Each structure stands twice: as structure tokens, then as C-alpha cells.
Amino acid sequence: MLLVSKTFNKQVTHVIFKDGYQSTWDKAQKTGTKLVSVLWVENQPRPQKATDCPPKEDISWQKDAADEKADLERKQAA
């Protein structure tokens, strides 16, 4: 199952990092989680056919209260 998470948790194997928080960088370094760029994502092999993709219901987006607060703070700062 492919899991896309907006929060850093034990299930995270890679962090797509661009202009993120220093605390996210530090936590990834401390836990040995791979930090990757958008270019890394773009260069990953693409599924050859639709059946190689995970079913839509197997992709989960998670957002918690800390993410909501950070989003609000970014909007207010802009």
C-alpha cells in the first residue's frame, strides 16, 4: 500500500523536502529517514500500465492539527 502522509510518523520511509521546516530535516536525520527532492520523485520509474498503480482507495492522505496550524500561519505571514 502507498501511504502519503502530511505528518512525520514511524511509517514514513522518505521525506520529500523543499523549503521545509528545520525540525523536519533534523528528525529525518536523527531517524535515518531518507530526504529526497521533487526531482528524485520525478525520476522514479513510472508504472507501465494502470494495473501497476495502487488502487485509489489504497492511497491515504493524512493531515493533523499541527499541519492545519502551520498552514494557517503560512497564510497569515504571506
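Q: What percentage of the accessible surface of the protein belongs to carbon and sulfur atoms?
A: This is a predicted model: local features need pLDDT of at least 70, side-chain atom pairs count only at pLDDT 80 or more, and totals for chains, interfaces and linings use all residues. Residues are numbered from 1 along each chain as its sequence is written, and side-chain values use heavy atoms, without hydrogens and water. The accessible surface (Shrake-Rupley method, 1.4 Å probe; for residues, only the protein chains shown count as cover) comes to about 6,800 Å². Of this surface, carbon and sulfur atoms hold 55%.

Q: In which order do the elements of the protein run?
A: The protein has 3 helices and 4 strands, which are DSSP runs numbered from the N terminus (helices: H or I, at least four residues; strands: E, at least two). Read from the N terminus on, the order is β-β-α-β-α-β-α.

Q: How far apart are the end C-alpha atoms of residues 4-40?
A: UniProt, in an unreviewed entry, places the feature "domain: BRCT" at residues 4-40. This stretch is 35% helix and 22% strand. Its end C-alpha atoms are separated by 16 Å.

Q: Is V4 buried or exposed, or does V4 fall in between?
A: V4 lies in strand 1, which covers residues 3-5. Its relative accessibility is 25%. Buried means under 20% relative accessible area and exposed over 50% (1.4 Å probe, protein chains only), with partly exposed in between. V4 therefore counts as partly exposed.

Q: What distance separates the C-alpha atoms of V4 and V15?
A: Along the chain, V4 and V15 are 11 residues apart.

Methods: UniProt positions are given in the numbering used here, feature names are shortened, and annotations may be inferred rather than shown by experiment.
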